[in-house]
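Subject: Structure handover and notes

Hello,

Please find the structure below. My notes on what was found in it come after.

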Amino acid sequence: MHEFDWSSIPGALPFLWDGMKISLLITAQAVLIGIVWGTLLAMMRLSSIKPLSWFAAGYVNFFRAIPLVMVLLWFFLIVPRFIETLLDFPPGSDLRLSSAMMGFALFESAYYSEIIRAGIQSVPKGQISAASALGMTYGQSMRLVVLPQAFRNMVPLLLTQAIILFQDTSLVYVSALADFFGAAYKVGDRDGRLVELLLFAGAVYFVICFSASQIVKRLQKKYHPA
Amino acid sequence: MIKIANVSKQYGDFKVLTECSTTVSKGEVIVVCGPSGSGKSTLIKCVNGLEPFQSGEIVVNGISVGDRKTNLSKLRAQVGMVFQNFELFPHMSITENLVIAQTKVLKRSKDEAMDKGMKLLDRVGLRAQAAKYPGQLSGGQQQRVAIARALAMDPICMLFDEPTSALDPEMVNEVLDVMTELAREGMTMMCVTHEMGFAKSVANRVIFMDQGRIVEDDSKDAFFANPRSERAQQFLAKILQH
């Protein structure tokens, strides 16, 4: 029987907290960019201008058809070189965090755009007619009438996707970034206490994600009773 | 004010409108009726360009609707429209519903728009509901707000697309009353409706449509006294029985 020894955890807490900050940072910016870029993609996809709609469909289908870990590896291996030459960074600059964030954002946008597209389509067509009949331009009717209603309908789905995204941030371990999972792994490896650290990390992920999904449930009840 | 000349529209092989022509002068009230699927809603949606049409011409206040160079948004801002399902914006309060297009489209100041909105709410008897949301009002109240919202733009004419069809019977009259008052004040109106009582008391002319064609276009007295076409006779017989 394995004897658990949790003693290396208290001392490692500051390091683990730094890791958590990276996880949260990646999540926050991927959610933010994902929603903005995802909204644009969704609007392109629904646009009557064919090339725009083809581009958006291609983008979404591409990113939804490849594993996230692959995208992260590409961004880890290839994109930093690009940025170095493009933006004239000294070779060997630590771009792991920025390229991981970029990979996440571009990948998640594909998923967000599908959620947002469904949200836009959930707004009755008559609303667009009414907005147009009042003299609003297409842009105004989207911005003032359709998107606010779409987002209201979508809040639970967007938050649920954010929770999934938070869990997925652990995949940045492929680029040896010390996010929360990576930090726990490093500490466990160093102290020979891998099992304890991974159990602890798992418990932390569980508590955060479970509480977050409970909050989403409550919000859902509040805004969509029935 | 509104000139519709030889307008035809089709979806694929299906002809929705065939060679429709009529004119509406300033201050006239026209009731458009006919069996469902006869193209009457489509016809009035063509008037403000919500529905495109393939041939013919519609001119509203001197502006050609079908012309590509026409700024449709600008034209629509001058033509009020009321829909069967009200289509108030559910995420905005009644006040915001009345103000939004005034400020964003006509660029009126917030104060001016509020002032106008409140006056119109008064007029449709709903000032007390200003802070509520559309979902908290009855259908009849929502439709009255929708009329006020359209009037807030100071339209040169009003289009009504079956404004009472989605209402419970006891709420029909409160909406018709508002429309009647509007007609008496000299508003130019085109109303798609089955309310023959409204047509009899308020309309100047009645247009009867069947299978995408304008079958009758006559003064209301002539229309109700002796409709010329058999279809109109049948339609009237059915609808006036109740």
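To start with the charged contacts: A:Asp5, A:Arg193 and A:Glu196 are linked in a network of salt bridges. A salt bridge here is a side-chain nitrogen of Lys or Arg within 4 Å of a carboxyl oxygen of Asp or Glu. By this rule the count over all chains is 20 salt bridges.

Before the rest, some conventions. This is a predicted model, in which local features need pLDDT of at least 70 and side-chain atom pairs count only at pLDDT 80 or more, while totals for chains, interfaces and linings use all residues. Residues are numbered from 1 along each chain as its sequence is written, chains are lettered from A and ligands numbered from 1 in the order in which they are written, and side-chain values use heavy atoms, with hydrogens and water left out.

Salt bridges in chain B

One of the salt bridges joins the side chains of B:Asp154 and B:Lys116, at 2.6 Å from N to O. B:Asp154 sits in the loop between helix H5 (139–151) and strand S7 (157–161) of chain B, and B:Lys116 in helix H4 (residues 110–123) of chain B, so the pair ties together parts that are 38 residues apart in sequence. Helices (H or I, at least four residues) and strands (E, at least two) are DSSP runs, numbered from the N terminus. B:Asp154 is partly exposed at 42% relative accessible area, and B:Lys116 is partly exposed at 26%. Buried means under 20% relative accessible area, exposed means over 50%, and partly exposed lies in between (1.4 Å probe, protein chains only).

Another salt bridge is formed by B:Asp210 and B:Arg231, whose side chains meet at 2.8 Å, N to O. This pair links distant parts of the chain: B:Asp210 is in strand S9 (residues 205–210) of chain B and B:Arg231 in helix H9 (residues 230–241) of chain B, 21 residues apart. B:Asp210 is buried, with 11% relative accessibility, whereas B:Arg231 is partly exposed at 31%.

B:Arg127 also forms a salt bridge, with B:Asp122, and their closest N and O atoms are 2.9 Å apart. B:Arg127 has a relative accessible area of 41% and is partly exposed; B:Asp122 is partly exposed as well, at 43%.

Sheet and helix in chain B

Chain B has an open sheet of 4 strands in the order S2-S1-S4-S5, with antiparallel pairing. Its edge strands, each pairing on one side only, are S2 (14–24) and S5 (63–64). Two strands pair if DSSP finds at least two bridges between them. Strand S4 (residues 55–60) of chain B pairs with S5(B) in the antiparallel sense over 2 bridges, and B:Val60 stands opposite B:Ile63 in S5(B).

How many residues of helix H1 (residues 40–47) of chain B are buried? The number is 7 of its 8 residues, and the helix is mostly covered. Among the buried residues of H1(B) are B:Leu43, B:Ile44 and B:Val47. Just after H1(B), B:Gly49 takes a positive phi of about 75 degrees.

A buried loop residue in chain A

A:Leu177 is found in the loop between helix H7 (138–168) and helix H8 (180–191) of chain A. A:Leu177 is buried, with a relative accessible area of 6%. A:Leu177 and A:Phe75 are 102 residues apart in sequence and 13 Å apart in space, C-alpha to C-alpha.

Regards
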